[in-house]
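Reader: Good morning. Could we go through this model together, one topic at a time?

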Amino acid sequence: MAQLWITSVPVLCVHSSYFYVALLATAFTFEFGSGSEQSDQNAFRAGNLVSPGAATARDVRYLLYDVNPPEGFNLRRDVYIRMASLLKTLRKQEDWVLVLPPWGRMYHWQSPDIHQVRIPWGAFFSLTSLQANVPVLEYEEFIAESGGPFIDQVLVLQNYAEGWTEGEWEEKVDERPCIDRLMYTGDKQGYHRGWFWGYDETRALSVTCLSVQGHASILAPFLQKNITAASVLLDRAETLLHDHYAGKDYWDTRRSMVFAKHLRVAGDQFRAKYLNSTDEQDHTPFSEDWTRMRTKLGSAKGGPYLGVHLRRKDFIWGHREDVPSLKGAVKKIRSIMKKNKLEKVFVATDAVEEEVSRLKKMLPEMIQYEPSWEDIELLKDGGVAIIDQWICAHARYFIGTSVSTFSFRIHEEREILGFDPKTTYNRFCGDAEKECEQPTHWKIVY
Ligand SMILES: Nc1nc2c(ncn2[C@@H]2O[C@H](COP(=O)(O)OP(=O)(O)O)[C@@H](O)[C@H]2O)c(=O)[nH]1
Ligand SMILES: *[C@@H]1O[C@H](CO)[C@@H](O)[C@H](O)[C@H]1NC(C)=O
Ligand SMILES: *[C@@H]1O[C@H](CO)[C@@H](O)[C@H](O)[C@H]1NC(C)=O
Ligand SMILES: [Mg+2]
């Protein structure tokens, strides 16, 4: 199972020139395993799209999607960007709305006795910010608006059974027999039942498989011309590639993914209390309206601490050579602190308790965000992870873990805040790693 969690990761760390090749190579070498938040009334809300005076009936269509179950939170954030891009293409011709797949049943969310399914996007992100990019709906709003827990058509995306012949890249879409065993089963009434984010009452009217090879918007003609279903769920949406990785549309969507306010506030309070870090002192001004946020590289100073993201768990199980031992990590941390004259170090990690206590012995001054059980119950493991990311994003210097999407999202957050790239695109090297290539700097296109 371990390798499943990194199935789609390499695509994020390569240059666009060999982007497709790298992804396809990856896709075929790995076996793929098988309370609604009230959003603000905003011009983009689905119900408001008709012009005043127009008839109430309109031909709105809903795009839903889901991702391969083993994929973690931060790769899912990347898939959202691909879907938003497809939605923008669809909207050039028809009135489509993106339905946000509820969060839950995530492998890494392991806090005991905490209910972590059917979590709306509003728990983690600012919905008004998302709305300023594309029209989005929480799943429960979709149920209410579309007339019940029914999804007209599920399209399970898959690759081609015959694979991909090297050197002949071709973008294509074809209805094909399902390759993997379907994760949907027929019920007595002739509907299809499936996971549907823990909404047991949800049913699909039809489920078919679609072989696809290409960027997200390649599906637009098919969705517009070949099928008429009002609501379409693209399952295994990570199969689609970015329309244009790190282009303007990518960054617009990325910038719109503003963390929910209560999480930012919790992170800011922690920074002020334990790290002597405030936006004013650190030159990291924040605007609630992301469309107005435009910083210069190097304008942000950051708080007087080193931010560290040390990814462990499944990243060390395979004895990956690009991940350091704890001892190696501490050595690097000390050398960065010395070089940058930083006395404080904030550590975000998913390490197991035993590792954390070994780490603390070697690095007694390390500071961690340590939520109580009640905090976790309120914020969920997903919210706690976001607070860790937010604090790392405001550090004077940051170092993350090789090919971790958790670290990549911190890079982007720092890019948005305007940090000098030298302070951001850093990663630990494995103890015996020879060529330790550092992360790529992706500049924002405004
Ligand atoms: N709170 C916290 N959680 C973490 C940290 N690192 C990893 N995690 C958890 O582990 C998951 C890792 O999966 P993912 O988001 O896919 O990132 P990746 O696997 O590192 O590319 C995160 O979503 C978190 O739930 C950390 O530093 N702090
Ligand atoms: C969509 O419809 C067109 C025209 O009928 C057809 O040529 C094409 O093969 C269809 N696409 C798929 C994926 O079925
Ligand atoms: C906090 O930082 C400011 C400068 O940014 C400094 O003047 C002040 O002494 C620091 N406070 C503490 C308690 O370290
Ligand atoms: Mg992952």
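Reader: To begin, where is the place of T202?

Author: T202 is in the loop between β7 (192-193) and β8 (203-213). Helices (H or I, at least four residues) and strands (E, at least two) are DSSP runs, numbered from the N terminus. Before we continue, please note that this is a predicted model, in which local features need pLDDT of at least 70, side-chain atom pairs count only at pLDDT 80 or more, and totals for chains, interfaces and linings use all residues. Residues are numbered from 1 along each chain as its sequence is written, chains are lettered from A and ligands numbered from 1 in the order in which they are written, and side-chain values use heavy atoms, with hydrogens and water left out.

Reader: Is T202 buried or exposed?

Author: T202 has a relative accessible area of 0%, so it counts as buried. Buried means under 20% relative accessible area, exposed over 50%, and partly exposed in between (1.4 Å probe, protein chains only).

Reader: And what does the side chain of T202 make a polar contact with?

Author: Its partner is the side chain of Y139, at 2.6 Å. A polar contact is a pair of N or O atoms within 3.5 Å; within protein, one must be able to donate a hydrogen and the other to accept it, and residues adjacent in sequence count only if both atoms are side-chain atoms.

Reader: Let us step back. How many helices and strands are there in the protein chain?

Author: The protein chain has 13 helices and 12 strands. It consists of 446 residues, and 56% of them count as buried. Its accessible surface comes to about 19900 Å², with 52% belonging to carbon and sulfur atoms. Such areas come from the Shrake-Rupley method with a 1.4 Å probe; for residues, only the protein chains shown count as cover.

Reader: Now the ligands. Which of the residues around ligand 1 come nearest?

Author: There are 17 residues around ligand 1, and N74, R311, D388, S404 and T405 come nearest. A residue is near a molecule or strand if one of its heavy atoms lies within 4 Å of it.

Reader: Which elements each supply at least two residues of that shell around ligand 1?

Author: They are α2 (73-91), β11, α12 (373-393) and α13 (405-417). The largest share, three residues, comes from α12. By class, the shell around ligand 1 has seven nonpolar, seven polar and three charged residues. Here Ala, Val, Leu, Ile, Met, Phe, Trp, Tyr, Cys and Pro count as nonpolar, Asp, Glu, Lys and Arg as charged, and the others, Gly among them, as polar.

Reader: What lies 2.9 Å from a polar backbone atom of T349?

Author: An oxygen atom of ligand 1 does. The protein covers 93% of the 560 Å² of accessible area that ligand 1 has on its own.

Reader: A change of topic: how many aromatic pairs does the structure hold?

Author: The structure holds 25 aromatic pairs. One of them is F270 with F346, which is edge-to-face, at 5.8 Å centre to centre and 70 degrees between the planes. This pair links distant parts of the chain, with F270 in helix α7 (residues 261-275) and F346 in strand β11 (residues 344-349), 76 residues apart. Rings of Phe, Tyr and Trp (its six-membered ring) pair if their centres lie within 6.5 Å; planes under 30 degrees apart count as stacked, over 60 as edge-to-face and the rest as tilted.

Reader: Are F270 and F346 buried or exposed?

Author: F270 is buried, and F346 is buried as well.

Reader: One last topic: why does D113 count as exposed?

Author: D113 counts as exposed because its relative accessibility is 72%. D113 is in the loop between β2 (96-100) and α3 (127-131).
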